[in-house]
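The following paragraphs lead through one protein model, from a pocket to the elements around it and then to some details of the backbone. Please keep the sequence and the coordinates open while reading.

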Amino acid sequence: MDNIGTLAQQLVSLCARSGKIVATAESCTGGLIAGAITDIAGSSAALDRGFVTYSNAAKTDMLGVREQLLKTHGAVSQGVAEAMAAGALSNSDADVAVSVTGVAGPDGGSAEKPVGTVWFGLCKRGSSPTSFHRLFAEKNREEVRALTVAAALEAMLEALSSR
């Protein structure tokens with residue numbers, strides 16, 4: 001995924017120009033989104049912090065995701081992605097937070113949530129969280145994670161570019 005570096009560079013440049021900063025809340029990517037941002041020189045102008053919340057307990061403890069939400073819908077769900085993004089925003093100084101939760105594989109998928117299923121949450125300061133879903137079908141773990149990083153960076157760029 002050669003475009004990850006380009007997207008991260010664009011995000012860092014946009015943050016430097018706009019004075020906006022971001023935060024990440026990552027499950028299936030395990031910090032790769034924040035890592036892609038910090039690979040870019042000058043990233044301190046863009047990234048406030050990243051939360052790696054791989055376990056349900058971490059989602060609850062670090063981001064305030066309700067246990068009942070996790071029990072009812074599972075970690076890979078729209079509601080959890082939105083709660084993760086809102087939690088990252090409220091526990092940071094960021095203007096925009098992105099979250100990802102998914103099934104990277106090769107195991108862990110189900111008929112309802114096959115391998116490659118990823119939910120993304122996005123929350124801008126002063127707004128309610130939003131979310132979107134992607135299915136990166138027939139991809140291996142590395143590909144699912146890389147595609148997820150790219151999509152998260154694109155989502156942050158779009159959020160910061162829109163009013």
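Helix 3 and strand 3 each contribute at least two residues to the lining of the largest pocket, where helices (H or I, at least four residues) and strands (E, at least two) are DSSP runs numbered from the N terminus. This is a predicted model, in which local features need pLDDT of at least 70 and side-chain atom pairs count only at pLDDT 80 or more, while totals for chains, interfaces and linings use all residues. Residues are numbered from 1 along each chain as its sequence is written, and side-chain values use heavy atoms, with hydrogens and water left out.

The volume of the largest pocket is about 160 Å³; of the 15 residues that line this pocket, Ser27, Cys28, Tyr54, Gly102 and Val103 are the closest to its centre. A pocket here is an open set of points on a 1 Å grid over the protein atoms alone, where a 1.4 Å probe fits, with protein on both sides within 12 Å along at least five of seven lines, and lining residues have an atom within 4 Å of a point. The volume is the space filled by probe spheres set on the points, which are joined across faces, edges and corners. By residue class, the lining divides into 6 nonpolar, 6 polar and 3 charged residues, with Ala, Val, Leu, Ile, Met, Phe, Trp, Tyr, Cys and Pro counted as nonpolar, Asp, Glu, Lys and Arg as charged, and the others, Gly among them, as polar.

Threonine 53 is placed in the loop between strand 2 (47-52) and helix 3 (56-63). Threonine 53 counts as buried because its relative accessibility is 0%; buried means under 20% relative accessible area, exposed over 50%, and partly exposed in between, with a 1.4 Å probe and protein chains only. Beyond its neighbours within four places in sequence, threonine 53 has contacts (heavy atoms within 4.5 Å) that include Glu26, Ser27, Ala58, Lys59 and Met84.

Within helix 3 itself, the buried residues are Ala58, Lys59, Thr60 and Leu63, and what covers them includes strand 1, strand 2, helix 4, helix 5 and strand 3. Alanine 57 also lies in helix 3, but this residue is partly exposed, with a relative accessible area of 45%. Just after the helix, glycine 64 takes a positive phi of about 75 degrees.

Helix 5 (residues 78-90) has 13 residues and spans 18 Å from its first C-alpha to its last, close to the 18 Å expected at 1.5 Å a residue, the expected span being 1.5 Å times one less than the number of residues. Its buried residues are Val80, Ala81, Met84, Ala85, Gly87, Ala88 and Leu89, and the elements that cover them include helix 3, helix 4 (67-73), strand 3 (96-102) and strand 4 (117-124).

Serine 99, in strand 3, is buried, with a relative accessible area of 0%. Its side chain reaches the backbone oxygen of alanine 81 at 2.6 Å, and, leaving out residues up to four places away in sequence, serine 99 touches Ala25, Ala81, Met84, Ala85, Trp119, Phe120 and Gly121.

In the loop between strand 3 and strand 4 lies proline 106, which a cis peptide bond with omega of about 5 degrees joins to glycine 105. Glutamate 138, in the loop between strand 5 (130-135) and helix 6 (141-161), has a positive phi near 55 degrees although it is a residue other than glycine, and at 82% relative accessibility glutamate 138 counts as exposed.

Note on methods
Polar contact = N/O pair within 3.5 Å; in protein donor to acceptor, adjacent residues only side chain to side chain.
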